[in-house]
Amino acid sequence: MDTDGTHETRPPGTGQIPRPAGPPPPGLPPKPSHAPTAGPSLGEWLRVPRASDGPGVWSYGHVPRAAEEPEETPTRQLVSGALIALLAGLLLWSLLWNGYLGGFWLWPLYMFTPDSWAGTLPAVVASYVWYAVVAGILATGFGRLGRWPELGRRVLTSRPVRAVHTVAPARPEAGGADDPARWPQLRGAGLDEAADRLEGEAGAGRMNDVDYTRIRRAWDSVRVDPSRLRAFAEAVRDKGAGACVHPSGARDLPVRAARHDLLARQVRLGTVEDGPRNPYVRRGTSLALDPDVLGTSLLAVGPSGSGKTRRLVRPVVESLALQALAGQAAVVAVGAAGAQLGPDDAFDVVVRIGDPESVYDLDLYGGTTDPDEAATLLAEAFVGGVPGIEVRRAATALAQLLGPFRTAYGRFPAVPELRELLDPLPDAFGALRRELADAGQHAMLRELDARERQHRAPGDPGPALADRVALLDRPAFAAFFDTTGQNRPFSLRTLEHPIRVRVDLPERGHADASRMLARLLLAQFNAAAAARTDRSLFAFLTFDDASHTLTPQTVRGVQRLRSANAGVLLTLRSLDDVPEELRTPLLGAVGCRMAFSGVTTWDGKRFAEAWGTEWVETRDVTHRTVFADQPLTRLIHAFRKLVTGKAVTTDAVTVRQVERERWSASDLAHAVPPGHAVLSLTSVQGERAAPLLVRLGGTA
């Protein structure tokens, strides 16, 4: 168990051979930092069938269920049917035994027993054996007619087994031609030597699930570009399971806190409750997230302590970090300093803003060289959440400074320089004007003149921008946001590479600056994900707390991410942390919505509106008192009322279809148990899963 209380799970394929003390020998996966637990070998893991009948289904070993719940006979009806069958069977046996139906049923006994047995012990034994056979035949026939076996299961077990499954997917035979552990795709291409090497690596325990997934992705790229075939074959021959390794050299994470299936790119979050609130086909199944649903983005709302970080954000970040090691994804995790998003060794880049020990810096301009684009991103971050300030005018004001400064000095201004230009200080303006004049940049001089004319004019966004920049011009951030090339800045333009990044924001001491930087990161991610030329990697951004981060422009950007093979995960303590005019657009922009236990009724109302209504069948039962006319009937009714204490009534049942909310605001606020959440999913292809009540916990 790690420091935040989550259980560690072992990846398939590790721990299959004894590990000596000391560092692992070359070619082996990294030694796990925890005691090994029981788990399948890599070959067994690969051969487990995977099937899915909807978004969010944990496909590992999943057997699809029937679409409709089988009708269950009421227990009262079963008992009455069983008693009637028993009485009918006893009546038939009595008629046979007493000879009312003749002696035809004794003919087989007479035919197979010799006359010499008459009056002897063998004849008596044979007679009773035949009686038992006939009684057994009657019991079997009338038992099936009266459904005795079903009644017995209903009575003897606390809960009837009602799940009806379809045919399970076929499991490949070990060592067969279609065994994935034998790399049939490589053998089909004539790379028998490479396939033998990889099969041997897996059999000896030197390959894990990350290795298999990474090499399989490399082979997929070879199929797209056959010119890489020779390099691929040589890498496999020389390095075996270590071929095509991630640039960091890592082949696994130092610790895993959730169950992952890299073959399906899934992480298991929990189990769908087996109850009437969930569709029958999903009851009792495991729920998982993968890029197919995360590509529509996910919004999670729940109070502090409901488990958003430990049960949602951490598993998702961990899953995408594993996929990054396999060359399939790029992930950026943003949270407050100290948030349990994973150890430092699980990331390639850790940016600790405000921490003097931080190795990496943050590029304030997102890696762009276009002044207008940089100004738009900064304006969104600086004044996107400030009422009364128009973002477009703020972007124009910034562009009138960034363009001339970059032309004069070949770089964008650092935070102190940008603040001096926004104030504006005469010395800073004068120095910039002289540089532009010496270089003959008359167009940029006109931009600078326009900024000076607008300064202190009514509606000028300059003072507001200067106040926002001042939040970053603090001694704690003196070593950050460098533009001179002295630091190692991280830019979101690197999303074309399988990178793992964690950004720690100084939420405790600089809350306003943290929120501003969060808005900047979201705006930069939207722009960088859409601008990628190579979108083969799934790019994902997670916010452990997205409070006061969203603006109208970033909400529109989130909606466009699904077409760019990217997505975001936003967690909120309450929808009150989002401006009123953005709450409905936000719920419409994301494809996946998650309400944790403990949400308020007004938050639940928003979710209920987003999830809509459905047609359900209702039964209205009306009890009507029976009034008897005959004296004997009145006497019987009086005796029954004396015994039961209730008047004799008849039931009138009315069945009708009504439209009701899938989950009402009251149900979301009061009917979701602790450790549970209600989650709806939408895939990139448009498949939808109705809101499901899920018991969270992905390590089981």
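Select E199 and R182 in this predicted model: the two form a salt bridge (a side-chain nitrogen of Lys or Arg within 4 Å of a carboxyl oxygen of Asp or Glu), with the closest N and O atoms 3.5 Å apart. The pair links distant parts of the chain, as E199 sits in helix α7 (residues 192–203) and R182 in the loop between α5 and α6, 17 residues apart. Helices here are DSSP runs of H or I with at least four residues, strands are runs of E with at least two, and both are numbered from the N terminus. E199 has 28% relative accessibility and counts as partly exposed; R182, at 24%, is partly exposed too. The cut-offs are under 20% relative accessible area for buried, over 50% for exposed, and partly exposed in between, with a 1.4 Å probe and protein chains only.

Residues are numbered from 1 along each chain as its sequence is written. Local features need pLDDT of at least 70, side-chain atom pairs count only at pLDDT 80 or more, totals for chains, interfaces and linings use all residues, and side-chain values use heavy atoms, with hydrogens and water left out.

**Other salt bridges**

The structure holds 35 salt bridges. Go to R251 and D211, whose side chains meet at 2.7 Å, N to O. R251 is in the loop between α9 and β1 (260–261), and D211 is in helix α8, 40 residues apart. Both residues are buried.

Next, select D344 and R502, a salt bridge with its closest N and O atoms 2.7 Å apart. D344 lies in the loop between β5 (329–336) and β6 (349–352) and R502 in strand β9 (residues 500–505), so the bridge ties together parts 158 residues apart in sequence. D344 is partly exposed at 34% relative accessibility, whereas R502 is buried at 5%.

**Second largest pocket**

Centre the view on R217, A218, S221, R228 and G327, which are the closest to the centre of the second largest pocket among the 27 residues that line it. Its volume is about 640 Å³. On a 1 Å grid over the protein atoms alone, a pocket is an open set of points with protein on both sides within 12 Å along at least five of seven lines, a cavity is a set where a 1.4 Å probe fits but cannot get out, and lining residues have an atom within 4 Å of a point. Grid points are joined across faces, edges and corners, and a volume is the space filled by probe spheres set on the points.

Which helix gives the largest share of the lining of the second largest pocket? It is α8, with 9 residues. Colour α8 (209–224) and α9 (229–239), each of which supplies at least two lining residues. By class, the lining divides into 13 nonpolar, 6 polar and 8 charged residues. Here Ala, Val, Leu, Ile, Met, Phe, Trp, Tyr, Cys and Pro count as nonpolar, Asp, Glu, Lys and Arg as charged, and the others, Gly among them, as polar.

**Cavity**

The count comes to 1 cavity of 30 Å³ or more. The largest cavity holds about 70 Å³ of space. To find it, select its lining: L253, V255, R314, V317, E318, A321, L341, G342, P343, A346 and F347. These residues comprise 8 nonpolar, 1 polar and 2 charged.

**Backbone stops**

Most residues other than glycine have a negative phi, and most peptide bonds are trans. W183 has a positive phi of about 55° although it is not a glycine. W183 is in the loop between α5 (148–156) and α6 (184–188), and is buried at 0% relative accessibility.

Move to S297, another residue other than glycine with a positive phi, near 70°. S297 is in the loop between α10 (291–294) and β4 (298–301), and is buried at 0% relative accessibility.

Then show the peptide bond from D423 to P424, which is cis with omega near -20°. P424 is in the loop between α14 (415–422) and α15 (426–439).

**Helix α21**

Select helix α21 (residues 601–611), where the buried residues are D603, G604, R606, F607, A608 and W611. Just after α21, G612 takes a positive phi of about 70°.
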